[in-house]
Every structure is written in structure tokens, then in C-alpha cells.
Amino acid sequence: MTDRRSDLFPILGVAVLALGVVGVARLMTPGPRHPADSAPGRTAKRLQFGGYQVTGRTVTIDAPRDRIHAMWRDPRQLALFMQDLVAIEGTPDRPIWVIDGGHGPFRIETRLVEDRASESLAWRSVEGADFQVEAKIRLRDAPAGRGTEVEAHVAYVPPYGLLGHWAAKLRGIDPKTRGRQELKRLKMLLETGEIATASNQRNT
Amino acid sequence: MRALTWHGKHDVRMDTVPDPQIVNPRDAIIEVTSTAICGSDLHLYDAVIPGLQGGDILGHEFMGRVVETGPKSTLKKGQRVVVPFTISCGSCFFCKATLFSACDNANPVETQEASELLYGHAVGGLFGYSHMTGGYPGGQAEYVRVPYSDVGPIVVPDGVPDEDVLFLSDILPTGWMAAENCDILPGDSVAVWGCGPVGLFAVQSALLMGAGRVIAIDHHPNRLALARGLGADVIDYTQTHVLEALMEMTGGMGPDAVIDAVGMESHGMAPDNLLDTAKQKVGIGADRAHALRMALMAVRKGGRVSIPGVYGGMADKFPLGALMEKGLQVRSGQTHVQRYGSRLLDMIMEGKIDTTFLISHRLSLEEAPRGYRNFADNQNEWTKVVLTP
Ligand SMILES: [Zn+2]
Ligand SMILES: [Zn+2]
């Protein structure tokens with residue numbers, strides 16, 4: 001695995017996530033001084049950060065970090081747990097994600113901007129892409145031998161602004177809902193070897 | 001195949017539906033030989049549990065013969081198995097802690113959203129129940145797809161009648177866990193609200209665990225007689241002031257532990273219950289929690305409260321003050337069936353537990369709609385219905 005630290009934090013989204021938005025915001029606003037909040041920035045009550053919507057989720061998966069890292073680097077494995085992923089084109093360093101958007105597929109051309117073995121991965125949409133997004137996976141050991149805490153951050157500019165954001169949320173296709181479901185499918189796959197379904201027919 | 005399907009409040013029918021197939025590697029297909037109607041099926045029948053869809057196959061108490069296995073199933077064709085109503089992966093944090101009904105992986109991700117919103121966390125998967133718990137097709141059918149068949153099903157020796165072991169699927173371990181949640185010490189007094197199947201098995205279990213006295217509370221004469229037959233003292237709440245009687249029967253202390261085996265559709269004419277009933281009828285997700293309120297009032301200071309009865313939403317006028325000021329401990333949950341299977345099977349084989357006393361009616365699967373109607377309308381005589389395809 002390559003170490004791509006030089007590409008780290010190219011945009012506000014990731015920098016803010018790393019520092020903790022709440023802390024930053026509070027340092028900049030006058031008024032009674034609050035101690036820095038330990039919560040991740042994406043749990044802040046504000047809705048947007050410099051035009052970016054910030055969301056994410058942590059799921060504990062009972063599997064070693066390197067195994068989870070490998071799942072994210074393997075397009076065939078990704079297709080198993082990212083249900084909306086139609087295909088991955090391009091190269092491993094510049095993957096183009098073809099996503100089923102509900103009204104036909106859309107393409108997001110990205111660069112792999114971070115890849116640290118057993119620790120983290122991040123992709124960022126290239127300049128001029130239709131959809132501005134940065135996604136980061138962080139892996140750390142869970143306490144008490146519970147496996148790995150897998151944290152996914154997504155910072156993106158919602159198409160059609162906030163209205164588009166809420167419309168997508170209502171249809172359950174916003175990045176938050178999708179991201180949460182993808183992490184849970186990955187968990188099922190690694191912990192049980194299969195993805196749960198209530199269907200009792202193979203072709204539905 | 002033929003299956004009992006839900007179409008709305010008080011509307012269940014026998015339908016012909018496609019046979020189930022092996023979908024995932026750990027699946028098995030079971031040909032059902034016996035299945036039962038459960039008290040919690042009545043919550044579905046009465047449409048007070050949200051998240052059912054027209055055409056859903058009901059039933060979560062079933063057993064049968066293995067007819068097909070996926071490549072990762074450990075079952076063998078021809079084996080007889082009882083299937084736990086809780087679907088559990090066996091390998092997540094919760095399953096490893098034997099909290100099988102809290103399994104993180106059995107409820108498909110799409111159906112985890114509702115309970116994550118309603119309860120703060122996604123609940124596990126159950127057969128033949130709400131889509132909040134996965135919407136898995138149930139066991140009141142000729143065949144069932146059983147996921148994680150290497151973890152759940154309890155293999156039963158040939159020669160043991162179905163009726164002796166069928167209730168390992170739910171109500172027997174549910175009654176057992178209800179009593180276990182009371183942390184019974186020798187000589188303890190335990191009061192049980194509700195002499196339905198779970199309440200009766202809780203009575204039997206509490207006595208086996210060393211309770212000095214078990215007091216069962218109901219209003220159906222036949223169900224009270226069954227409780228008395230197991231060795232319980234009984235109170236008919238239509239004849240007696242329950243709280244006063246429990247105090248007098250326990251030397252003025254109150255029972256050491258109480259069990260609410262009634263759940264969200266409690267009967268009775270108490271004012272709080274009438275209000276709850278009205279709210280449930282207009283469909284705002286309120287639970288009728290009269291039995292639970294009584295139990296919290298009755299239990300002694302520092303006592304234990306066990307809630308096997310099913311609740312789905314909110315209750316108000318909950319005696320939170322009694323809970324805190326008396327220093328009560330509350331334990332609840334869907335049953336961790338897989339935790340108890342082999343131990344309870346042994347106790348049945350040794351003759352320590354009888355399960356067949358409960359069965360009042362035996363019908364064919366085709367007669368299931370009649371079984372539902374009577375079980376709902378005549379709870380005094382219809383204590384348990386077993387269906388055979
Ligand atoms: Zn049941
Ligand atoms: Zn599990």
C-alpha cells in the first residue's frame with residue numbers, strides 16, 4: 001500500500017473533520033468560552049460547512065483492520081456491500097464510481113488521496129466533477145477485543161442545495177443513509193459471510 | 001406451498017405462495033411438521049404492532065424436517081429441528097454475549113432504519129413478525145427458509161413427539177427467561193400477571209428455580225385453573241383487590257419479584273387502561289401498560305421486575321416514581337432463545353418440564369384462520385393452538 005500523506009487534507013471538508021468542527025467554530029465566535037467538544041465535527045448541530053454537507057457513521061466490525069482495509073481496495077468486494085454501485089471504472093488511483101442514483105446511473109470521477117495500510121483511505125472528486133465529494137474511511141482498534149471501529153466521513157456539495165439534500169433524505173438515497181447501510185452490509189459480510197435478506201426467493 | 005397470510009386487522013387467510021428457496025449459504029429449508037399460534041401473533045392480528053404488509057406469512061413457533069441445506073449449513077437433510085423465533089447470526093458482539101435476540105446482523109439493513117429511529121438502535125430479526133424485525137416469512141406454512149441454520153435450530157431426536165418440544169421455539173424459553181430475570185432466591189415470592197402460555201411457563205420455571213410461592217393473576221377461570229395445577233396460588237382480578245391481596249399474602253412486604261406476562265394489550269376496566277385503549281384505537285402507538293403499572297406498585301422495595309410481555313411503543317402514566325423510590329431492578333427483552341435450547345430440551349427429556357398441558361386445540365394448517373379467531377375471542381378455553389400442515 002502506498003502512503004500518500006502529501007495529498008492529505010486538500011480541502012476544507014477533511015481539514016475541518018480532522019480538527020473537530022465544533023471546536024473550531026467555537027474558537028472563532030465571541031461569547032462565553034466553551035471547552036473544546038470531544039464529539040466528531042459531523043455531529044455538530046450546524047448543517048453546512050463552507051457549502052459542504054458533512055455526514056458519517058461509525059460501525060464496529062469484528063474483523064482485523066487490514067482485512068477491512070483490503071475490502072475497500074477491492075472493487076469486487078465493494079460491489080458486494082455497496083448496493084448502489086453499478087461499476088468501478090478507471091484505475092485504482094483514479095477510480096470512477098458509477099452509482100445508481102434512482103433515476104439512472106451517475107458517474108463520480110475521483111482521486112485516491114490517502115491510503116495508509118490498516119489505517120485510512122480517502123477519495124476526492126476531481127476538479128470539474130459533476131458531484132463534489134470527499135469520502136474518508138478511518139480504522140482503529142475497538143476496545144476490549146471487539147474488532148475494528150470503522151468510521152466513514154463524507155463531505156459533499158448536495159446537488160440542488162439543501163432542498164436536494166432533503167429530497168434525497170426522504171427517498172433514503174442521501175449519502176448518510178446509504179453510507180450507514182453500506183457499513184452495515186460490510187459488517188454482515190465480514191462477521192457472517194453473507195448479507196441478511198428476508199427474501200425467500202433467489203431472484204428478488 | 002400453502003401459508004397463513006396477513007391482510008389487515010382481523011383478516012388472515014390461507015394462500016398459495018411460492019415455495020422458499022436457499023438464498024444465502026448458511027440457509028436451510030424446513031418442511032414444517034408442527035406450528036403454533038402465539039399470543040404475540042394476536043398483537044399482529046389486532047394490528048397493534050406496526051410494520052406489517054399485506055400478504056406477509058405469519059408464525060414464529062415452528063418445527064419440522066430439514067429438506068434442503070445451503071453449502072454452509074451444518075444441518076443434514078432429514079434431521080428434525082425446532083427453530084428459535086429469534087434469528088441470530090451467532091458471531092456478532094451480541095450473539096457472542098448470548099444476547100441472541102439483539103443480534104446486529106440478522107435484520108436486513110433496509111429494515112433496520114425504522115427501529116433505529118424509534119428505539120435508538122436497530123433491533124434483531126424475527127420470523128413472521130413486523131418488518132421492523134426484518135419481515136422474514138414465518139412458520140405457519142408448509143415450508144420455511146431458515147437463515148443461519150448452523151446457529152439457531154435445535155436438533156431433536158427421533159421418537160420424541162412434536163408437541164413435547166415445539167414450544168422450545170418461543171414460549172418455553174420465554175417463560176424460563178422471565179423467571180431467570182427475577183433472580184429468584186430460595187423461598188422468594190413471585191407474582192405473575194397473565195396466565196397465557198408465557199405466564200404459565202414462567203410459573204413452572206419460577207417454581208423449578210426454587211421460588212417459595214408463585215401467585216398467578218388473570219381473569220379466565222380455565223387459565224387460572226392451569227396455573228393452580230402447576231402449583232401456583234391464584235388471584236382472579238375481577239373478584240379481588242390485587243394490590244391489597246398481594247400485600248396480605250406476602251406478610252405485608254410485597255412479592256420479591258414480579259413478572260408482566262401480559263404486554264401491550266392488557267385487559268381490565270381500570271381508568272388508566274381505558275384511556276390507553278382509546279389511544280391505541282386511534283392508532284398513536286400507545287401501549288396499554290396496566291399490568292406493568294400494577295406490577296411496579298405491587299413489588300416490594302428493592303424487588304425485581306421482569307417484563308417478557310411485548311411492548312412496541314410508548315406508555316404514559318408510567319410509575320417512574322415507584323421504580324426509583326423503591327429501588328427496583330427491571331429486566332426485559334425478546335428471548336435469547338438459543339441460550340436455553342439444549343438445557344430446556346434436556347429438562348423435557350428428563351420429565352422435569354411438561355409442555356403439553358397447555359395445548360387446548362389441534363387444527364390443520366388450513367384451519368388456521370379459525371384458530372386465530374377463536375384464540376382471540378375465547379381466551380378462556382383456547383389456551384394454545386397447534387397447527388399441522
Ligand atoms: Zn411467540
Ligand atoms: Zn448476531
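Partly exposed residues are those with a relative accessible area between the buried range, under 20%, and the exposed range, over 50%. The views below show a predicted model.

**Figure 1. Asp183(B), a residue other than glycine with positive phi.** Asp183(B) sits in the loop between α5 and β11 (189-193) of chain B. Its relative accessibility is 39%, so Asp183(B) counts as partly exposed. The phi angle of Asp183(B) is near 45°. Most residues other than glycine have a negative phi.

**Figure 2. Ala47(B), in the loop between α1 and β4 (56-57) of chain B.** Here too the backbone angle phi is positive in a residue other than glycine, with a value near 60° for Ala47(B). Ala47(B) has a relative accessibility of 37% and therefore counts as partly exposed.

**Figure 3. The site of the zinc ion (ligand 1) in chain B.** Four residues coordinate the zinc ion (ligand 1): Cys38(B) through SG, His60(B) through NE2, Glu61(B) through OE and Asp170(B) through OD. The zinc ion (ligand 1) is 1.7 to 2.5 Å from these donors. Along the sequence, the donor residues of the zinc ion (ligand 1) have the spacing C-x21-H-E-x108-D. Cys38(B) and Glu61(B) are 23 residues apart and link distant parts of the chain. Cys38(B) belongs to the loop between β3 (28-37) and α1 (39-45) of chain B, whereas Glu61(B) belongs to strand β5 (residues 61-69) of chain B. Cys38(B) is buried, with a relative accessible area of 5%, and Glu61(B) is buried at 0% relative accessibility. The angles among the four donor atoms of the zinc ion (ligand 1) run from 83 to 138°, and the site is irregular. Four donors count as tetrahedral if all angles lie between 85 and 135 degrees.

**Figure 4. The four-cysteine site of the zinc ion (ligand 2).** The zinc ion (ligand 2) is coordinated by the SG atoms of Cys89(B), Cys92(B), Cys95(B) and Cys103(B), at 2.3 to 2.5 Å. These donors of the zinc ion (ligand 2) are spaced C-x2-C-x2-C-x7-C along the chain. Because the four donor atoms subtend angles of 100 to 116° around the zinc ion (ligand 2), the arrangement is tetrahedral. The ideal angle for four tetrahedral donors is 109.5 degrees. Cys95(B) and Cys103(B) are buried.

Figure 5. Leaving aside residues up to four places away in sequence, Trp382(B) is in contact with Arg223(B), Ser360(B), His361(B), Leu363(B), Arg370(B), Gly371(B), Asn374(B) and Phe375(B). The C-alpha atom of Trp382(B) is 11 Å from that of Cys38(B), though 344 residues separate the two along the chain. Cys38(B) is one of the residues that coordinate the zinc ion (ligand 1).

**Figure 6. Packing of helix α5 (residues 171-180) of chain B with helix α6 (residues 197-208) of chain B.** The two axes come within 7 Å of each other and cross at roughly 50°. α5(B) and α6(B) are therefore oblique to each other. The crossing of α5(B) and α6(B) is right-handed. On the α5(B) side, the contact residues are Ile171(B), Leu172(B), Thr174(B), Gly175(B), Trp176(B), Ala178(B) and Ala179(B). They meet Pro197(B), Val198(B), Phe201(B), Ala202(B), Ser205(B), Ala206(B) and Leu208(B) in α6(B).

**Figure 7. Packing of helix α6 (residues 175-192) of chain A with helix α3 (residues 109-119) of chain B.** The axes of these helices are 10 Å apart, and the packing angle is about 120°. That angle makes α6(A) oblique to α3(B). The crossing of α6(A) and α3(B) is right-handed. From α6(A), Thr177(A), Arg180(A), Gln181(A), Lys184(A), Arg185(A) and Met188(A) take part in the contact. From α3(B), Val109(B), Glu110(B), Gln112(B), Glu113(B) and Glu116(B) meet them.

**Figure 8. Secondary structure of chain A, with six helices and eight strands.** In sequence order, the elements of chain A follow the pattern α-α-β-β-α-α-β-β-β-β-β-β-α-α. Chain A has 204 residues, of which 47% count as buried. Of the contacts in chain A between residues at least 6 apart in sequence, 50% join residues at least 24 apart.

How values were computed. Residues numbered from 1 in each chain as written. Chains lettered and ligands numbered in written order. Predicted model: local features only at pLDDT ≥ 70, side-chain atom pairs only at ≥ 80, totals over all residues. Heavy atoms only, no water. Donors = N, O, S within 2.8 Å, 3.2 Å for Na, K, Ca; no water. Tetrahedral: all angles 85-135°; square planar, octahedral: opposite > 155°, others 65-115°. Helix = DSSP H or I, 4+ residues; strand = E, 2+ residues; numbered from the N terminus. Buried < 20%, exposed > 50% of the residue type's maximum accessible area, 1.4 Å probe, protein only. Axes fitted to C-alpha atoms, helices over the stretch in contact; angles between N-to-C directions. Parallel < 35°, antiparallel > 145°, perpendicular 65-115°, else oblique. Left-handed = near helix turned anticlockwise from the far one by under 90°. Contact = heavy atoms within 4.5 Å.
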